[in-house]
Amino acid sequence: MTRTPVSLPHTWRPFGARLVGTVLGVMLVVLVLAVWILLGAETRAGFTAFQLGTLVFLGLIALAVWFALMRSRVTVAEEGVTVVNGYRRRDFAWSQLVAVNLRRGAPWAGIDLSDGTSLSAVAIQSSDGDRAIQAVRDLRRLITENTHIDRNLDPGTP
């Protein structure tokens, strides 16, 4: 099967984690509501405002974690690459990206930057299998095509 190359702009998002997170989140909400209803009016009336507030707070924490996973993405465009991991967004020019890799056993891809640091790309998760491998290949190709670096390291050569 021939695959068409990725064109700009393009966005990668984690597929399996988003699917599992959504399904489990919905199941958790249904379970909590069912248990709340099955407790009965007398038992529900015995909950204090602090206890109800604690339950709502824990639910909001779970929602915040789920939302952070849902926002994770890597977006490529003419002007550069945007990596969103949870609630942190980082924008890079193409020249700042050196390489992208998906090491065996790593949970997600890593991006090597020109300043010697690296960055996790949570949007490209190894649990997505061939989809993640193809995303890394596509991103590597785009980095090569869009990074214009003079590879001549001899400063005396014109």
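How many helices and strands does the secondary structure of the protein come to? The predicted model has 4 helices and 7 strands, taken as DSSP runs (H or I of at least four residues for helices, E of at least two for strands) numbered from the N terminus. Along the sequence they follow the pattern β-α-α-α-β-β-β-β-β-β-α.

**Sheet**
- Four strands form an open sheet in the order S1-S2-S3-S4 with antiparallel pairing, where a pair requires at least two DSSP bridges.
- Strands S1 (10–12) and S4 (88–92) each have a single partner strand and stand at the edges, so one side of each lacks a neighbour in the sheet.
- From one strand to the next, the twist averages 15°.
- S1 and the antiparallel strand S2 (residues 73–77) are joined by 3 bridges, and Thr11 stands opposite Thr75 in S2.
- Helix H4 (residues 130–146) packs on the sheet and touches S1 and S2, contact being heavy atoms within 4.5 Å.
- The direction of H4 makes about 140° with that of S1; axes are lines fitted to C-alpha atoms, for helices over the stretch in contact, and angles run from 0 to 180 degrees between N-to-C directions.

**Overall dimensions**
- The protein has a radius of gyration of 22 Å, whereas a compact globule of 158 residues would have one near 15 Å (C-alpha atoms; globule rule 2.2 Å times the number of residues to the power 0.38).
- Along the principal axes, the C-alpha atoms fill a box of roughly 85 × 40 × 30 Å.

**Basis**
- Residues are numbered from 1 along each chain as its sequence is written, and side-chain values use heavy atoms, without hydrogens and water.
- Local features need pLDDT of at least 70 and side-chain atom pairs count only at pLDDT 80 or more, while totals for chains, interfaces and linings use all residues.
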